[in-house]
Amino acid sequence: MIKLTSNFDGDGFKKKAMQAALDAVTKRIEGVRCPVHGKQAKATPKMNGSEFTWDISGCCDEIVAKVKAALKN
């Protein structure tokens with residue numbers, strides 16, 4: 001008989017995976033630059049359970065629209 005045991009921390013793994021996703025989207029948002037002013041978008045991420053939200057700000061409305069378009073792709 002072969003017995004396998006594991007110390008796999010499912011909750012810890014899930015939390016790390018969620019944090020990685022949050023960080024990846026935040027990085028994508030902040031990689032967008034305003035076509036008019038050349039400034040970088042700012043993202044403030046929030047995680048509530050399994051739901052992610054971001055407050056997106058920038059120098060003008062055009063950059064916010066550009067971020068939203070980038071996230072749809």
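Okay, let's start with T26, which sits in helix 1, the stretch covering residues 10–30. Keep in mind that this is a predicted model.

So, is T26 buried or exposed? Its relative accessible area comes out at 11%, and since anything under 20% counts as buried, T26 is buried. And what does T26 touch, once we skip residues up to four places away in sequence? Its contacts there are A43, P45 and W54.

Side chains of opposite charge can pair when their charged atoms come close. How many salt bridges does the structure hold? Two.

Let's take K42 and E30. Their side chains form a salt bridge, with 3.8 Å from N to O. K42 belongs to strand 1, residues 42–48, while E30 belongs to helix 1, so this pair ties together parts that are 12 residues apart in sequence. As for accessibility, K42 is partly exposed at 47%. E30 is also in the partly exposed class, with a relative accessibility of 21%.

K46 has a relative accessible area of 42%, which makes it partly exposed. D55, at 40% relative accessibility, is partly exposed too.

Note on methods
Residues numbered from 1 in each chain as written. Predicted model: local features only at pLDDT ≥ 70, side-chain atom pairs only at ≥ 80, totals over all residues. Heavy atoms only, no water. Helix = DSSP H or I, 4+ residues; strand = E, 2+ residues; numbered from the N terminus. Buried < 20%, exposed > 50% of the residue type's maximum accessible area, 1.4 Å probe, protein only. Contact = heavy atoms within 4.5 Å. Salt bridge = Lys/Arg side-chain N within 4 Å of Asp/Glu carboxyl O.
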